[in-house]
Structure formats: C-alpha cells, structure tokens
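Please read it with the structure open.

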Amino acid sequence: MIVHRKASERGNTRISWLDGRHTFSFNRYFDPEWMGFRTLRVINDDRIAPGGGFGTHPHRDMEIVTWVLDGVLKHRDSTGSEGEIRPGEAQRMSAGTGIMHSEFNGSSTEPLRLLQIWIEPAEEGMTPGYEQKQFPAEERTNKLRVIASPDGRDGSVTIGQDAVIYDTVLSPGASVEHPLKSGRAAWVQVARGAVTVNGLTLEEGDGAAITDETSVSIAAGKPSEVLVFDLR
C-alpha cells in the first residue's frame, strides 16, 4: 500500500528569512492525519535566506539528521561541536537528555536549502552527541547510499533507532530498488526532480508512505534526488 503526501499539501512557515515546508505536524502547523510515520517524526524542507537562521534553542530526546541540498549551513551546539555542513554531508545530532544549538546560513549572498529530519529515539535519556560525515556524489549516483543507520554501517552516521536513511541521485531513465523485510515500512521523499515509486508518480517535495510491500522501486523521469527511509 502506498499513501501519497503531496508537496502542495504540506504545512508552511514563512517569515522574512525562512520558507519552511513541513511534511508532518511541526511547531504551529498541526494536522492530526500527519503526525509522522512510524518513528519518523519530522521532515522539514527549509529555505533560509542569506544571513538568516535559527538562534540558540533547545532539543531533547530526538535523533536529528540534517541533509543540505544547496548552500552551506553553519552549526554550533552545547556539546562543543561547530562547523559547516555542505551538500553531500550528513549531520547527526542526538539531543538525548538535552542539547542547545544554533543553525545559520553560512553565506551572506547565497540561499540555503536543507532537509531537517527528526527520528524518535529507541530510548529516552541518551547522552547528547554529534557526528558529521561526507558522502561523495559518485557513491550516490544511480545507487542507494546509506547515510544514517543504527550501527554506522558503510561509514554512515549512527542514529539511536532501528531506522536506515538512504540517498540517491538519479539520472533520467535510471532506477533503483530497495527490498523491504517483513514488518518493515518505507518513506520516500523526493528532494528534487520527479520519479515513479512502485508505479506512483511523485514530484519534487512529494513523499510516500509504503507499507505491506516487499520492495521499493524508484525510476527517474528527469534528474532527481530521493531519500528513502527504512523503518521498523
């Protein structure tokens, strides 16, 4: 079964420096039908204007993965971690017992676009932590590349939940397939382009919840980037 989440139906936060689109209920956007999918709680597609950003604020008991699509993100948190995140890099921040952090567009002239992903942790009260790794384009082109997993497989960042995140950059006409084990489900998020997923057409910003299927088949009609979440 596939349930289509259209980009045009997402929530939206729009202020002077931020255009944020919310796949699931977030902040002032509330939709009881879209509170998350399994342990996947948030996918925010944020466009941040030059010089704009989120000042220091707290998080607790959440695994937060940031994937930059365009531009550069500057990060600082209360674990002492700070730096820049660019396209092809995944940042994992485990909020655990509590963490404070800030995020800003690292450019005064160029816009920033990122996906911020929240996954509920397997247990509360974990020690806060930070991790950042790079995943070259050639490792993601026309193949699924693990960027986050519970065991850090294949050099991915490690998250405290039985969930795996893949990224792929697809050429027109290319396709990938991901098998789903019994009891597992998938969420597919189209970051750019347009694809068909098990026969369903998805446009940029669309998502799809996939349950009771044995695999996820993705084919690109034009240059595309897609994230796949394999969830318990």
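The protein chain has 22 strands and one helix. Its radius of gyration is 17 Å, close to the 17 Å that the globule rule gives for 232 residues, so the chain is as compact as a globular protein of that length. The model is predicted.

**Whole chain**

- The C-alpha trace spans about 45 × 40 × 40 Å along its principal axes.
- Of the 232 residues in the chain, 53% are buried.
- The chain exposes about 10000 Å², and carbon and sulfur atoms supply 48% of that area.
- Taking contacts between residues at least 6 apart in sequence, 70% join residues at least 24 apart.

**The seven-stranded sheet**

- Seven strands form an open sheet with antiparallel pairing, in the order β2-β3-β4-β11-β6-β9-β12.
- The edges are held by β2 (11–14) and β12 (129–134); each has a single partner strand, so one side of each is left without a neighbour in the sheet.
- On average, neighbouring strands of this sheet are turned by 15° against each other, direction ignored.
- Strands of a sheet pair through backbone hydrogen bonds, either parallel or antiparallel.

**Strand β4 and its two pairings**

- Strand β4 covers residues 40–48, and seven of its nine residues are buried, which leaves the strand mostly covered.
- Strand β3 (residues 18–22) pairs with β4 in the antiparallel sense over five bridges.
- Within that pairing, H22 has N44 of β4 as its bridge partner.
- β4 is also joined to β11 by eight bridges, and these two strands run antiparallel.
- D45 stands opposite L115 in β11.

- E89 stands opposite Q134 in β12.

- P121 lies in the loop between β11 (112–119) and β12.
- Is P121 buried or exposed? With a relative accessible area of 17%, P121 counts as buried, because the cut-off for buried is under 20%.
- Leaving aside neighbours within four places in sequence, P121 is in contact with D61, M62, E63, M126, G160 and Q161.
- P121 and R153 are 32 residues apart in sequence, and their C-alpha atoms are 18 Å apart in space.

Technical notes: Residues numbered from 1 in each chain as written. Predicted model: local features only at pLDDT ≥ 70, side-chain atom pairs only at ≥ 80, totals over all residues. Heavy atoms only, no water. Pairing = 2+ DSSP bridges. Helix = DSSP H or I, 4+ residues; strand = E, 2+ residues; numbered from the N terminus. Axes fitted to C-alpha atoms, helices over the stretch in contact; angles between N-to-C directions. Buried < 20%, exposed > 50% of the residue type's maximum accessible area, 1.4 Å probe, protein only. Contact = heavy atoms within 4.5 Å. Rg over C-alpha atoms; globule rule 2.2 N^0.38 Å. Areas by Shrake-Rupley, 256 points an atom, 1.4 Å probe, with all protein chains shown as cover.
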